[in-house]
Number of protein chains: 2
Amino acid sequence: MSKIFRALSNKNRLQLFLNLLEESRLDLAKGRVHDCFLANIISNLRIGAPSISHHLRELEAVGLIETTKEGKQLVCTIVPEVMKEVEFFFKSKAS
Amino acid sequence: MSKIFRALSNKNRLQLFLNLLEESRLDLAKGRVHDCFLANIISNLRIGAPSISHHLRELEAVGLIETTKEGKQLVCTIVPEVMKEVEFFFKSKAS
DNA sequence: CATACACTTCGACATTTGTCGAAGTAATGA
DNA sequence: TCATTACTTCGACAAATGTCGAAGTGTATG
């Protein structure tokens, strides 16, 4: 659990994750899976491509997202189960 | 929010927080406020007193706990509002 | 094939973090 | 008042982290 918190403990990485969440919601509305064009994310955050790539791998490592390649692009999908896990963690602790 | 995650991102600090949570529950059952004898916590965790002291201040800095002095001892109290905040954060995001 | 695109990997680097031992402080007890 | 207890503060230091530029990889496109 501390690893999940660690993954979200960095400002840029949390923002990145929230962006993905937001976009995945939009994509859901469009009836298709989310694809996360790094270029878009880069314009929001003030960090370079290598950092984004690094952060994505960290989010993936703790199971918050999954990624696959689709041609040149990276496809990121949120893993809701892990979020639920954290939600329940706090629900159970904040009796 | 990333600061709260950061506070819980360290294994020892998270364990410390969970210990406090657990003890505060026991103390509640006893009808009194929790007091967190560092010596007890030290025996559970594998770190020294200065580190505990440091971690407690970090937890306090992000509002997860509050501390006061009672004689020689430190009294720690959990702040449930902050935990609720995190719970709702995940509830709202994990649509 | 040559070029451009969309990332990724590598190495380097400054910054932050976690831990400790030693010394300090404030309260309690003999 | 002197010693003990229960932390806290202060460096110091190794380890982890976040960022970047440069170079690399694999995919599309002219």
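Two strands pair if DSSP finds at least two bridges between them. In this predicted model, strand 1 (residues 65–70) of chain B and strand 2 of chain B are joined by six bridges and run antiparallel. Chain A and chain B touch each other through 21 residues of chain A and 21 residues of chain B. DNA strand C has 20 residues around it, and 20 residues surround DNA strand D.

**Confidence**
- Chain A has a mean pLDDT of 86, with 81% of its residues at 70 or more.
- Within chain A, helix 1 has the highest confidence, at a mean of 98, and helix 3 the lowest, at 65.
- Where pLDDT is low, the predicted coordinates should not be read in detail.

- On the side of chain A that touches chain B, at least two residues each come from helix 1 (2–7), helix 2 (11–29) and helix 5 (80–93) of chain A.
- Helix 5 of chain A supplies eight residues to this side, the most of any element.
- The side of chain A that touches chain B consists of ten nonpolar, seven charged and four polar residues.

**Symmetry of the two copies**
- Two copies of a chain are related by a rotation about an axis and a shift along it.
- Chain A is superposed on chain B by a rotation of 180° with a shift of 0.0 Å along the axis, and the RMSD is 0.0 Å.
- This relation is therefore that of a two-fold axis.
- Both copies use the same surface, since 100% of the contact residues of chain A recur in chain B.

**Surface near DNA strand C**
- The residues that come nearest to DNA strand C are A:Pro50, A:Ser53, B:Asn10, B:Gly48 and B:Gly71.
- Two or more residues each are given to this surface by helix 3 (38–44), helix 4 (49–61) and strand 2 (73–78) of chain A, and by helix 4 (49–61) of chain B.
- Helix 4 of chain A has the largest share of the surface near DNA strand C, with four residues.
- By class, the surface near DNA strand C has nine nonpolar, eight polar and three charged residues.

**Surface near DNA strand D**
- A:Asn10, A:Gly48, A:Gly71, B:Pro50 and B:Ser53 are the closest residues to DNA strand D.
- Helix 3 (38–44), helix 4 and strand 2 (73–78) of chain B each supply at least two residues of this surface, as does helix 4 of chain A.
- The most residues on the surface near DNA strand D, four, come from helix 4 of chain B.

**Hairpin of chain B**
- B:Glu66 stands opposite B:Thr77, a residue of strand 2 of chain B.
- The hairpin of strand 1 and strand 2 of chain B has two residues between the strands, and B:Gly71 in this hairpin takes a positive phi near 65°.
- B:Gly71 is also among the residues that come nearest to DNA strand C.

**A:Val79**
- A:Val79 lies in the loop between strand 2 and helix 5 of chain A.
- A:Val79 has 16 other C-beta atoms within 10 Å, so this residue is partly exposed; a buried residue would have 20 or more, and an exposed one 12 or fewer.
- Beyond its neighbours within four places in sequence, A:Val79 is in contact with A:Gly63, A:Leu64, A:Ile65 and A:Glu66.
- A:Val79 and A:Pro50 are 29 residues apart along the chain, and their C-alpha atoms are separated by 23 Å.

Note on methods
Residues numbered from 1 in each chain as written. Chains lettered and ligands numbered in written order. Predicted model: local features only at pLDDT ≥ 70, side-chain atom pairs only at ≥ 80, totals over all residues. Near = placed C-beta within 6 Å. Nonpolar A, V, L, I, M, F, W, Y, C, P; charged D, E, K, R; others polar. Contact = placed C-beta atoms within 7 Å. pLDDT = per-residue confidence, 0-100. Least-squares fit on C-alpha atoms with pLDDT ≥ 70 in both.
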